[in-house]
Amino acid sequence: MGNVMMNAAIMKDKLLIEVEQIERPAPGPNEALIKVQCIGVCGSDIHYYEHGRIGRYVVEKPLILGHEVAGTVVEVGSNVSNVKIGDRVAIEPGVPCGQCDYCKGGRYNLCADVFFLATPPDNGAWADYIVMRSDALFTLPDTMSFEEGALLEPLSVGYHAMNRANVKPSDKVFITGLGPIGLLAIQAAKLFGVKEIYASDVVAFRREFALKMGATAVFNPLEDSIAEELSVLTNNTGIDVVIESSGNRSSISSTMSLVRRGGRVVFVGLPPENEVLLNVDKIIDSELNLYGVFRYANTYAAAIQAYAKSGLNISEVITHRFELQEINAALHLARTQKDKAVKIMIYPESEAAPSR
């Protein structure tokens, strides 16, 4: 009997992806085979596609991208008991070693020996099927769509940022950069009960999107006196937490002037250069708390539980939908129309894709 084949979008070189037939993977004893229903296009996918690397991670051989994924379990290994055939699941894309001090301490996102989808040399999920260790699978409630399941990945970045800053419902939060991460950070803040959420971006389309997703007010950092306006809007009490998701050098530096004394700043966006100026005098004099965010840890189960009862709709962030065979058109749109595209979703089967 011949091998079972499937479609996969394979990056052969920079700016070159081809959809090909490859052998479908089989699950090991602790794994499950998932039929992929939808996969998001992430900024990191675009960066690998354009530049062939992100920092120390270099694409050195053909690679399948995509790590924001949800699907249906179609086969399970002999030791798997937490999911069963037919379950609708979201896939946490990182599988840590489980042995190191970071894993045992609950900060498994810092594990040095982690398998992470679409991070070289590990293949991702732009394919018909994917095999994953079963403890990285989270069953979706009936009220959550596959799209929402896939979006749990970028939502988790914002959710982890809120955890890092110990965000409370009474906090006033300011988010810089309104790409998918920043926009979903608005939703994460709402899951934490925050009522005052301010945001900024240079693109008007994204500012309008932020208002649609629940931001209290939005600003253009190139035109507005943000610190002064925030002072007025908060009755001079100031911003408790700044979430910096733009990665813009100037924006990173400006966080020091936007947060109140004793406040918290969370750095999510990666700048193109390693070193950025920060006002150390302000950090010391105001006793600021600074946090970095690297992916996330322990977010999926908590986010599913909170989101399922929230009445929010994170799938509003999806602006475009493409079939897997149309992956090059999807990537072209993501690269060239940032004033129109926010989150692009890919569907391996055309009948799985909702109307555009």
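Select I46, Y49 and E50 in α1 together with N328, L331, A334 and R335 in α10: these residues meet. Contact here means heavy atoms within 4.5 Å. Helices (H or I, at least four residues) and strands (E, at least two) are DSSP runs, numbered from the N terminus.

A note on the model before going on. It is predicted, so local features need pLDDT of at least 70 and side-chain atom pairs count only at pLDDT 80 or more, while totals for chains, interfaces and linings use all residues. Residues are numbered from 1 along each chain as its sequence is written, and side-chain values use heavy atoms, with hydrogens and water left out.

**Stop 1: α1 and α10**

Show both helix axes. They lie 11 Å apart, and the helices pack at an angle of about 100 degrees. That makes α1 roughly perpendicular to α10. Axes are lines fitted to C-alpha atoms, for helices over the stretch in contact, and angles run from 0 to 180 degrees between N-to-C directions. Angles under 35 degrees count as roughly parallel, over 145 as roughly antiparallel, 65 to 115 as roughly perpendicular and the rest as oblique.

Now select α1, residues 43-51. Its buried residues are D45, I46, Y48 and Y49. They cover an arc of only 165 degrees around the axis, which puts them on the same side of α1. The arc is that of the directions from the helix axis to the C-beta atoms. Buried means under 20% relative accessible area, exposed over 50%, partly exposed in between (1.4 Å probe, protein chains only). Among the packing partners of this buried set are β1 (5-13), β2 (16-23), β3 (31-41) and α10 (327-336).

Turn to α10. I327, A330, L331, L333 and A334 are buried there. Seen down the axis, the buried residues of α10 fall within an arc of 160 degrees, so they line one face of the helix. They pack against β1, β2, β3, α1, β19 (318-323) and β20 (343-347).

**Stop 2: aromatic rings**

How many aromatic pairs does the structure hold? There are five. Rings of Phe, Tyr and Trp (its six-membered ring) pair if their centres lie within 6.5 Å; planes under 30 degrees apart count as stacked, over 60 as edge-to-face and the rest as tilted.

Select F174 and F219. This pair is tilted, at 6.3 Å centre to centre and 50 degrees between the planes. F174 lies in strand β13 (172-176) and F219 in strand β15 (217-219), so the pair ties together parts that are 45 residues apart in sequence. F174 is buried at 0% relative accessibility. F219 is buried too, at 2%.

Next, pick F138, Y296 and Y300, a cluster linked by ring pairs.

**Stop 3: charges over rings**

Select R24 and Y129. R24 lies over the face of Y129, 4.8 Å from the ring centre. Then take R88, whose charged end sits over the ring of F146, 4.7 Å from its centre. The criterion: NZ of Lys or CZ of Arg within 6 Å of the ring centre and within 35 degrees of the ring normal.

**Stop 4: α3 and α9**

Select α3 (146-164) and α9 (300-308). Their axes come within 10 Å and cross at roughly 110 degrees. The two helices are therefore roughly perpendicular to each other. The contact includes L152 and Y159 of α3, and Y300 and I304 of α9.

**Stop 5: L258**

Finish at L258, in helix α7 (249-258). Its relative accessible area is 10%, so L258 is buried. Not counting residues up to four places away in sequence, L258 touches F174, I226, A227, L230, I239 and V242.
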